[in-house]
Amino acid sequence: MNMLAQWNGITDNIIVHLLTSLIYIIGANFVFDMQLSVGSVFAFITYSAYVTGTISAILNIGYLLSGIIPSTKRYYEFMALEEEKENEEGMTEPCFGDLELQNLSFSYEKDKAVLSDINIAFPKGSKTVLIGRNGSGKSTLISLLLQLYQPTGGKITLNGIDISEFVLREYRNMISVVSQEIYLFNSSIRDNICMYKNIDDKTIMEACKDSGLADFISEVSLDYVVGQNGAMLSEGQKQKIALARALVHNSPVIIFDEATSNTDVYSEHQINGLLHTKLKEKTVIIITHKQEILKEADQIIMLKDGAVVGSGVYDDLSKDNLEFKNMLNMGEKY
Ligand code: ADP
């Protein structure tokens, strides 16, 4: 746009000045021939601005459209996106229980499988850690659990019922996700934690204490405005708000996705402490390579190139599973 603005300004100026110079030259000739008075020439030049102004406006059309056309295209692309179906008639209300992935396959593009034939059971109240290299399909698996995409093969069941049969809103209400990419509204910490729910300050403060945000709250307050998408906060503080948000909503399933984390967002201690207390009854799925959390997990699922290449508990895997050791040693790079 800047380049176009420069180009537009230059051509505009050249044309207007050329035209004005031309009129001066022709006008001067008429004055020398005594056919026009000097006053008439100046009056003509003044009125000619109406013509040059119009020419310049026509030249500007291209420049204006160059800004509008991409936005319009984007707008129509967005409007053409398929809407999520929220058909509630005849659909089942979900009930917290065992989650299971059965022969699950998925591909974003045709003939390029991202997940193939995945079988994982997440029993009610279990703690599962997913590990695997970047691109092994961990986040895709979470997206499928949240029904952001539909599987291309196999199914996901909750209490034996295919999750696509549940009222989507109710099903998603059962799951809280604490991910790396958190959206915060330009509002108070309280609003960002409660979202649309009415929750008393005592519960909020308890969640803040559990998420490690309490120290910060005691410095500011729950009414501290976090700025556009949390601009006034550090990444760690944003993460803690997301964790507090998940805790106050008390969903039976909690997913921690820190697949791309390079920072020590939540300490292992904090999460481990919660796993045995606040999250004891909940089904927890964590994407992490932190050993302390891995040690506490009921099961560790190893993903590689969209397939499960191993599973078990830390003690067994760390003894004789070479792939597991490799994954852990390379954890930092994942
Ligand atoms: P992980 O979370 O283990 O790093 P992902 O689930 O994000 O892995 O990605 C798995 C594979 O799917 C990668 O090869 C990635 O390039 C591809 N992928 C992820 N998201 C998309 C998308 N929206 N469209 C197309 N391909 C995608």
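A nonpolar patch on the surface of this predicted model is formed by Ile10, Ile14, Ile15, Leu18, Tyr47, Tyr50, Val51, Ile55 and Leu59, which together have about 890 Å² of accessible area (Shrake-Rupley method, 1.4 Å probe, with only the protein chains shown counting as cover for residues; patch residues have over 30% relative accessible area and no salt bridge, and nonpolar side chains are joined within 5 Å). The elements that give two or more residues to this patch are H1 and H2, and H2 gives the most, with five residues; Tyr47 lies in helix H2. Residues are numbered from 1 along each chain as its sequence is written. Local features need pLDDT of at least 70 and side-chain atom pairs count only at pLDDT 80 or more, whereas totals for chains, interfaces and linings use all residues, and side-chain values use heavy atoms, with hydrogens and water left out.

The axes of helix H1 (residues 2-32) and helix H2 (residues 38-80) come within 10 Å and cross at roughly 160° (helices being DSSP runs, H or I, of at least four residues), which means that H1 is roughly antiparallel to H2 (angles over 145 degrees). The residues of the contact of H1 with H2 comprise 16 nonpolar, eight polar and one charged.

The count of salt bridges comes to seven (a side-chain nitrogen of Lys or Arg within 4 Å of a carboxyl oxygen of Asp or Glu). Glu77 forms a salt bridge with Arg74, in which the closest N and O atoms are 3.9 Å apart; because Glu77 and Arg74 are three residues apart in helix H2, they are separated by about one helical turn.

Terms used. Axes are lines fitted to C-alpha atoms, for helices over the stretch in contact, and angles run from 0 to 180 degrees between N-to-C directions. Angles under 35 degrees count as roughly parallel, over 145 as roughly antiparallel, 65 to 115 as roughly perpendicular and the rest as oblique. Ala, Val, Leu, Ile, Met, Phe, Trp, Tyr, Cys and Pro count as nonpolar, Asp, Glu, Lys and Arg as charged, and the others, Gly among them, as polar. Patches are made of residues with over 30% relative accessible area and no salt bridge: like charges are joined within 9 Å, nonpolar side chains (Val, Leu, Ile, Met, Phe, Trp, Tyr) within 5 Å.
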